[in-house]
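Have the coordinates open as you read.

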Amino acid sequence: MKIYHPMGSNMMVMVTPGAFHPDVSDWKDELGNALRFDVKFRDGVAEVDDKLGKWMIEHGHAHRTGLRRITNKLIRAVA
């Protein structure tokens, strides 16, 4: 799944969704500790697992489309 960072650019976002959802085994290690995911955005776009992407969108760490980022750039350019 492609996700888009609200600020665009090249950056890394570190998230631990397993801390919020202990019932999801994909987000835990063999000892039951929450895994940390380092999501690298290139030009504001990252490719992640569908489940992780949906979680990041729901919690405001990313957007489903890049349209909002483009709109914000246009607003700043006009202002």
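Helices (H or I, at least four residues) and strands (E, at least two) are DSSP runs, numbered from the N terminus. On that basis, His5 sits in the loop between strand S1 (2-4) and S2. The model is predicted: local features need pLDDT of at least 70, side-chain atom pairs count only at pLDDT 80 or more, and totals for chains, interfaces and linings use all residues. Residues are numbered from 1 along each chain as its sequence is written, and side-chain values use heavy atoms, with hydrogens and water left out.

**Overall layout**

The chain has two helices and four strands. Along the sequence they run β-β-β-β-α-α. Burial is set by relative accessible area: under 20% is buried, over 50% is exposed, and partly exposed lies in between (1.4 Å probe, protein chains only). By this scale, 30% of the 79 residues are buried. The accessible surface is about 5500 Å² (Shrake-Rupley method, 1.4 Å probe; for residues, only the protein chains shown count as cover). Carbon and sulfur atoms hold 54% of that surface.

Contact means heavy atoms within 4.5 Å. Among contacts in the chain with a separation of 6 or more, 67% join residues 24 or more positions apart.

A nonpolar core is a set of buried Ala, Val, Leu, Ile, Met, Phe, Trp, Tyr and Cys residues joined through side-chain atoms within 4.5 Å. The largest one has 14 residues. Ile3, Val15, Val39, Phe41, Leu52, Met56 and Ala62 touch the most other members. S2, S3 and helix H1 (50-58) each give two or more residues to this core. H1 supplies the largest share, four residues.

Which residues of H1 are buried? They are Leu52, Gly53, Trp55, Met56 and Ile57. The buried residues of H1 pack against S1, S2 and S3. Beyond its neighbours within four places in sequence, Ile3 is in contact with residues including Val39, Phe41, Val45, Met56, Ile57 and Ala62.

Both ends of H1 carry a local feature. Asp49 caps the N-terminal end, with a side-chain oxygen 3.1 Å from the backbone nitrogen of Lys51. After H1 comes Gly60, with a positive phi near 80°.

**Aromatic rings**

A pair of aromatic rings is described by the distance of the centres and the angle of the planes. Rings of Phe, Tyr and Trp (its six-membered ring) pair if their centres lie within 6.5 Å; planes under 30 degrees apart are stacked, over 60 edge-to-face, and the rest tilted. The structure holds two such pairs.

| Pair | Centre distance | Plane angle | Class |
|---|---|---|---|
| Phe20 and Trp55 | 5.7 Å | 40° | tilted |
| Trp27 and Trp55 | 6.5 Å | 65° | edge-to-face |

Phe20 and Trp27 both lie in the loop between S2 and S3. Trp55 lies in helix H1. The sequence gap is 35 residues for Phe20 and Trp55, and 28 residues for Trp27 and Trp55. Together, Phe20, Trp27 and Trp55 form one aromatic cluster.

Trp55, at 3%, counts as buried. Trp27 is buried too, with a relative accessible area of 5%.

**Loop residues**

A polar contact is a pair of N or O atoms within 3.5 Å; within protein, one must be able to donate a hydrogen and the other to accept it, and residues adjacent in sequence count only if both atoms are side-chain atoms.

Back to His5. With a relative accessible area of 10%, His5 is buried. A polar atom of the His5 side chain lies 3.0 Å from the backbone nitrogen of Met7.

Arg36 is in the loop between strand S2 (11-15) and strand S3 (37-41). Arg36 is exposed, with a relative accessible area of 53%. The side chain of Arg36 makes a polar contact with the side chain of Asp38 at 3.0 Å. Setting aside neighbours within four places in sequence, Arg36 is in contact with Met14, Val15 and Thr16. Arg36 and Ala19 are 17 residues apart in sequence and 9.3 Å apart in space, C-alpha to C-alpha.

Asp43 lies in the loop between S3 and strand S4 (45-47). Asp43 is exposed, at 57% relative accessible area. Most residues other than glycine have a negative phi. The phi of Asp43 is positive, near 55°.
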